[in-house]
Amino acid sequence: MGKKIRSCIFISGRGTNLRSIIDHSKNKNFPINVALVISNNIKAKGLNYAKKNNIPFKFYNSSNQISFEKNCLLELKRKKIKFICLAGFMKMLSSNFIKKFKHKIVNIHPSLLPKFKGLNTHKRVLAKREKYTGCTVHFVTSKLDSGKIILQKKIVVKKNETEGSLKKRVLKQENQLYPKAIKLLFS
Ligand code: GRF
């Protein structure tokens, strides 16, 4: 394996997907290394995992999108970042920002896209009595949850499923799917 691709993970909260990517990146055959973590939430739990792993992290307030993106771009440049993973990052990025990382920003979403874009996916899946659900890793465009699909994992919605049980089962799949999709992208 040649040089790893210097990558940044954007988060807003818990960070189980961040954790999984960081863990996988320790393997010498994994194509990326996590050189930076950015959060728009100072209290994001995921930041602790970055800290624990000695990964540089930054918090930028995103209430003003222009200054948020400006701060991010400066730091991404400083750290020579070439690839971005959004992992529970709860803010849309502008098309101007996305243009600067064309086909280099990916996201994970807890549904079988193009079904159930946006928030509260599990609740809506249950309300529609879907037989299947799952998760999707896709490229990021300026349209919500709409870029080209890289990889999906499908699971059966069980009888007596609750929003909580579904969330838990899908998240477990997400944590496996995200590193798998990254590997696939660079293989
Ligand atoms: C995941 O369900 C992800 O699909 C969605 O936000 C959640 C983030 O979870 N975009 P975590 O912070 O990675 O644990």
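Analyst: A salt bridge is counted here when a side-chain nitrogen of Lys or Arg lies within 4 Å of a carboxyl oxygen of Asp or Glu. The model is predicted, so local features need pLDDT of at least 70 and side-chain atom pairs count only at pLDDT 80 or more, while totals for chains, interfaces and linings use all residues. Residues are numbered from 1 along each chain as its sequence is written, and side-chain values use heavy atoms, with hydrogens and water left out.

By this rule the chain has 5 salt bridges. One of them pairs Lys-115 with Glu-130, with 2.9 Å between the closest N and O atoms. Lys-115 sits in the loop between strand S5 (105-109) and helix H5 (121-127), and Glu-130 in the loop between H5 and S6, so the pair ties together parts that are 15 residues apart in sequence. Helices (H or I, at least four residues) and strands (E, at least two) are DSSP runs, numbered from the N terminus. Lys-115 is partly exposed, at 43% relative accessible area, whereas Glu-130 is buried, at 19%. Buried means under 20% relative accessible area, exposed over 50%, and partly exposed in between, with a 1.4 Å probe and protein chains only.

Salt bridges with shared partners also join Glu-75, Arg-78 and Lys-79 into one network. Glu-75 pairs with Arg-78, the closest N and O atoms being 2.6 Å apart, and Lys-79 pairs with Glu-75, again with closest N and O atoms 2.6 Å apart. Glu-75 and Arg-78 are 3 residues apart in helix H3 (residues 65-78), a separation of about one helical turn. Glu-75 is buried, with 2% relative accessibility, and Arg-78 is exposed, with a relative accessible area of 55%. Side chains of opposite charge can pair when their charged atoms come close.

The loop between S5 and H5 also contains Pro-114. A cis peptide bond joins Leu-113 and Pro-114, with omega about 10°. Leu-113 is in turn among the residues that His-138 touches, as are Ile-105, Val-106, Asn-107 and His-109, leaving aside residues up to four places away in sequence; contact means heavy atoms within 4.5 Å. His-138 belongs to strand S6 (residues 132-139) and is buried, at 2% relative accessible area.

Two other loops hold residues with positive phi. Asn-54 is not a glycine, yet its phi is about 55°; Asn-54 lies in the loop between helix H2 (46-52) and strand S3 (57-59) and is exposed, at 71% relative accessibility. Asn-160, also not a glycine, has phi near 60°. Asn-160 is placed in the loop between strand S7 (149-156) and helix H6 (163-185), and at 76% relative accessibility counts as exposed.

As for the whole chain, 6 helices and 7 strands are found, in the order β-α-β-α-β-α-β-α-β-α-β-β-α. The radius of gyration is 16 Å, close to the 16 Å of the globule rule for 187 residues, so the chain is as compact as a globular protein of that length. That radius is taken over C-alpha atoms, and the rule is 2.2 Å times the number of residues to the power 0.38. Buried residues make up 45% of the 187 residues.
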